[in-house]
Amino acid sequence: MSMVLLQPKTPGTTEKVVFDFISNLAVGETISTQSVAATVWSGVDSNPSAIVSGAATASGTKVTQAITGGNAGTIYKLVCTITTSASQTLQMLGYLAIVADPV
């Protein structure tokens, strides 16, 4: 499984994260379906899937997902899963830290 580096965000923002599958797709292969799931890797959140806002979208080799809220001090594990025009199922992993809002 490939990994992507995600920048930390604050609970009060909604930001888009991007998963780029360019290294995993053959020439001419496209993304057919995409989804992003969130779980807690470290910290506390009784409903981690709530940080995933709306549906993921694909453009070319990239999947974009809006992420909102989250609990300060929690690190979320985001897994992006795609299926491709060549019937591959691929996943990419990212860890997202939620940091306290600046005072």
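Author: Let us begin with pairing: two strands pair if DSSP finds at least two bridges between them. A strand is a DSSP run of E covering at least two residues, a helix a run of H or I covering at least four, and both are numbered from the N terminus. Residues are numbered from 1 along each chain as its sequence is written, and side-chain values use heavy atoms, leaving out hydrogens and water. The model is predicted, so local features need pLDDT of at least 70 and side-chain atom pairs count only at pLDDT 80 or more, while totals for chains, interfaces and linings use all residues.

Reader: What makes up the secondary structure of the chain?

Author: There are seven strands and zero helices, and along the sequence the pattern reads β-β-β-β-β-β-β.

Reader: Why is the chain called as compact as a globular protein of that length?

Author: The radius of gyration, taken over C-alpha atoms, is set against a globule rule of 2.2 Å times the number of residues to the power 0.38. For 103 residues the rule gives 13 Å and the chain has 14 Å, which is close, so the label holds. The C-alpha trace spans about 50 × 20 × 20 Å along its principal axes.

Reader: Which strands form the open sheet, and in what order?

Author: Three strands form it in the order β2-β5-β4, with antiparallel pairing. Strands β2 and β4 (52–59) are at the edges because each has a single partner strand, so one side of each lacks a neighbour in the sheet. From one strand to the next the twist averages 20 degrees, where axes are lines fitted to C-alpha atoms (for helices over the stretch in contact) and angles run from 0 to 180 degrees between N-to-C directions.

Reader: How do you know that β2 and β5 pair?

Author: The definition asks for at least two bridges, and β2 and β5 (residues 62–68) have seven, in the antiparallel sense. D20, for example, stands opposite K62 in β5.

Reader: What makes E15 partly exposed?

Author: Buried means under 20% relative accessible area, exposed over 50%, and partly exposed in between (1.4 Å probe, protein chains only). E15 has 32% relative accessibility, so it counts as partly exposed. E15 is found in β2, residues 14–20. Across the whole chain, 35% of the 103 residues count as buried.

Reader: What does E15 touch?

Author: Contact means heavy atoms within 4.5 Å. Leaving aside neighbours within four places in sequence, E15 is in contact with P8, K9, Q65, A66 and I67. E15 and I67 are 52 residues apart in sequence, yet 5.4 Å apart in space, C-alpha to C-alpha.

Reader: Which other strands pair, and how?

Author: β3 (residues 31–42) and β6 (residues 75–84) pair in the antiparallel sense over 10 bridges; V40 has Y76 in β6 as its bridge partner. β6 also pairs with β7 (residues 89–97), antiparallel over nine bridges, including T83 with T89. K77 stands opposite Y95 in β7. Strand β1 (residues 2–5) is joined to β7 by four bridges, and these two run parallel. There, L5 has Y95 as its bridge partner.

Reader: Where is the positive phi in the hairpin of β6 and β7?

Author: Four residues lie between β6 and β7, and S87 in the turn has a positive phi of about 65 degrees.
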